[in-house]
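Let's take a friendly walk through this model, from its helix packing to its ligand site. Please keep the 3D view open as you read.

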Amino acid sequence: MLKKYIIANWKMNLNLAETLSLAKKFKEKFAGFNQGEVVVCPSTLFLIEVNEILKGSIIKLGAQNVFWEEVGASYTGEVSPEMLAEAGCRYVILGHSERRKYLSENYEIINKKVRAVVKNEKLIPIVCIGESLKERKTDRRDFVLVEQLEQALSGIEVFGDQRIIIAYEPIWAIGTSTALEPAEAEYAHKIIKLALNDIVGMQAVSKNFSVIYGGSINSKNVKSFANLEDIDGLLVGGASLKIEEFYKVAKSIVK
Ligand code: PGA
């Protein structure tokens with residue numbers, strides 16, 4: 001059985017002292033866990049220090065973004081997959097809707113990033129997809145999800161044990177107090193898995209892919225998402241910034 005994921009996305013929220021303090025709390029709280037994968041994604045700037053804290057714990061480190069080239073004099077300000085791996089990262093979030101909105105990332109860019117990360121082999125990509133409110137209202141969601149997947153995964157060859165996580169995050173449900181109706185999330189996850197079957201083949205989907213949900217998950221609504229058949233885990237923003245709240249969320253998914 002594939003392991004379930006619980007991924008904390010701290011976004012640009014915490015300063016250094018707050019980041020290190022929360023990382024220590026995560027380490028203590030999840031000491032006894034051994035089923036499932038707990039991942040924490042702090043600011044790029046603090047990755048190395050968080051990695052030091054997490055040493056000896058089951059919690060894995062993730063980054064919130066990466067550049068698509070490994071090295072080069074032309075990429076001022078960017079961070080490569082290898083640099084993230086050196087900092088101790090095992091995971092990296094790609095194409096988060098906030099980057100699509102504020103930094104004009106599109107699926108051509110996201111595809112370059114997915115290719116670079118898959119090629120690097122040390123990192124597992126968490127590829128974000130999800131429709132806007134307008135697309136949802138005009139019944140274009142299924143089409144949008146399939147198109148985003150096709151573009152993000154174009155030219156990707158998955159082999160061996162390479163893992164790829166797809167995070168379904170309906171844009172309108174991120175950072176609000178309203179998560180999706182669980183049944184709707186389950187339906188969207190079915191669509192995503194069917195589309196993946198077409199793109200990479202059924203065998204690769206069951207062996208190499210996980211599909212997780214993200215968007216306003218908290219300790220109150222998590223139970224209705226935890227046991228849905230096609231949901232392989234959760235990506236959590238706001239509720240990952242307080243240890244007790246995140247712990248309650250995580251306990252419904254991993255042990
Ligand atoms: P949220 O964020 O849980 O605060 O809605 C999720 C995300 O953006 O990954």
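In which crossing does α1 pass α11, right-handed or left-handed? α1 passes α11 in a right-handed crossing, where right-handed means that the near helix is turned clockwise from the far one by less than a right angle, and left-handed means anticlockwise. This is a predicted model, in which local features need pLDDT of at least 70, side-chain atom pairs count only at pLDDT 80 or more, and totals for chains, interfaces and linings use all residues. Residues are numbered from 1 along each chain as its sequence is written, and side-chain values use heavy atoms, with hydrogens and water left out.

**Helix packing**

Helix α1 covers residues 16-29, and helix α11 covers residues 243-251; helices are DSSP runs (H or I, at least four residues) numbered from the N terminus. The axes of α1 and α11 come within 10 Å and cross at roughly 40°, so the two are oblique to each other. With helix α2 (residues 47-54), the α1 axis comes within 9 Å and crosses at roughly 25°, so α1 and α2 are roughly parallel. Angles under 35 degrees count as roughly parallel, over 145 as roughly antiparallel, 65 to 115 as roughly perpendicular and the rest as oblique. The α1 and α2 crossing is also right-handed.

**The ligand site**

Residues around the ligand (a heavy atom within 4 Å) include N9, K11, H96, I174 and S216.

| Residue | Protein atom | Distance |
|---|---|---|
| E169 | side-chain N or O | 2.8 Å |
| G175 | backbone N or O | 2.6 Å |
| G237 | polar backbone atom | 2.9 Å |

Taken alone, the ligand exposes 280 Å², and the protein buries 96% of that (Shrake-Rupley method, 1.4 Å probe).

Note on methods: Polar contact = N/O pair within 3.5 Å; in protein donor to acceptor, adjacent residues only side chain to side chain. Axes fitted to C-alpha atoms, helices over the stretch in contact; angles between N-to-C directions.
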